[in-house]
Amino acid sequence: MKVLVGVKRVVDYNVKIRVNSDQTAVETANVKMSMNPFDEIAVEEGIRLKEAGIAEELIAVSVGPKQSQETIRTALAMGADRGILVETDIPTEPLAVAKCLKALIEKESPDLVILGKQAIDDDSNQTGQMLAALMGWSQGTFASKLELGDGRIKVTREIDGGLETVDLKMPTIVTTDLRLNEPRYASLPNIMKAKKKPIDVLTPEGLGVDVSPRLSVLKVVEPAKRQAGVMVENVAQLVDKLRNEAKVI
Ligand code: AMP
């Protein structure tokens with residue numbers, strides 16, 4: 001079985017996000033970039049399927065600028081077998097990425113595609129769903145557990161107020177939630193070995209995909225500053241403030 005995972009290069013989750021001076025986007029110049037955390041979970045799940053003897057090959061794909069090769073290298077150092085970069089300097093939108101992934105699925109014929117539930121930069125939560133629609137494949141989103149059977153997959157999904165298990169026909173698209181697994185760190189020997197693993201560099205045009213933006217961002221602003229809190233003396237005062245100041249009870 002072949003598994004394809006999406007790995008997006010995003011601003012590192014530890015970085016304090018700043019809006020750029022013309023309020024059109026988040027500042028990315030001189031900012032630490034890393035693999036989207038949900039994609040680390042996707043890579044980890046793919047590696048575990050390999051270790052369990054269920055998957056034979058794990059391919060890490062990124063759509064983005066040249067530097068996304070570093071993100072692919074991280075996936076290779078964790079344990080992916082090879083990488084594919086679809087290189088573009090145009091900021092990627094979920095539909096464009098889904099179309100690139102569709103073109104790669106047609107080339108590579110994976111049985112399972114694992115993406116993150118969302119990229120922490122745009123928080124779109126769209127790419128997996130759009131890809132499933134474009135392919136006409138089943139989808140198991142917000143996955144916290146996968147059980148592979150014969151040509152089928154049981155996906156436990158994190159939903160409001162509990163868990164839902166769906167039984168899907170493969171090939172399928174899975175998107176990862178936080179509790180699916182805890183991604184491993186790449187060891188130094190594996191980082192060295194990853195340098196020799198192949199990364200194919202393709203272009204959206206080469207795949208016949210138009211990635212020009214369909215959306216325009218009107219304005220990006222910082223959230224309003226939170227006001228300082230106050231210490232209350234006792235429960236009665238807390239209830240009074242909740243009732244008469246905050247008016248929430
Ligand atoms: P989004 O729909 O933008 O929130 O992204 C959901 C998931 O789609 C991410 O966690 C990635 O697995 C995948 N994805 C989105 N954009 C890219 C990209 N440019 N390159 C590779 N994978 C991506």
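Me: Which residues lie nearest the centre of the second largest pocket?

Reply: Ser34, Glu40, Thr74, Arg184 and Tyr185, from a lining of 17 residues. Strand S3 (33–35), H1 and helix H2 (68–78) each give two or more residues to that lining. H2 gives the most, with four. Helices (H or I, at least four residues) and strands (E, at least two) are DSSP runs, numbered from the N terminus. This is a predicted model: local features need pLDDT of at least 70, side-chain atom pairs count only at pLDDT 80 or more, and totals for chains, interfaces and linings use all residues. Numbering runs from 1 along each chain as its sequence is written, and side-chain values use heavy atoms, leaving out hydrogens and water.

Me: What makes Lys8 and Asp121 a salt bridge?

Reply: Their closest N and O atoms are 3.2 Å apart. A salt bridge needs a side-chain nitrogen of Lys or Arg within 4 Å of a carboxyl oxygen of Asp or Glu, so the pair qualifies. The structure holds 18 salt bridges.

Me: Why is Lys8 called buried?

Reply: Its relative accessible area is 18%. Buried means under 20%, exposed over 50%, partly exposed in between (1.4 Å probe, protein chains only), so Lys8 is buried. Asp121, at 37%, is partly exposed.

Me: What makes Glu57 and Arg82 a link between parts of the chain?

Reply: The side chains of Glu57 and Arg82 meet in a salt bridge, 2.7 Å from N to O. Glu57 lies in strand S4 and Arg82 in strand S5 (residues 82–87), so the pair ties together parts 25 residues apart in sequence. Glu57 is partly exposed at 22% relative accessibility. Arg82 is buried at 16%.

Me: How do you know which class Glu158 and Arg179 fall in, buried or exposed?

Reply: Glu158 has 17% relative accessibility, so it counts as buried. Arg179 has 61%, so it counts as exposed. Elsewhere, salt bridges that share partners join Lys2, Glu57, Arg82 and Glu108 into one network.

Key: 1 Å grid on protein atoms, 1.4 Å probe; cavity = no way out; pocket = protein on both sides within 12 Å on 5 of 7 lines; lining within 4 Å.
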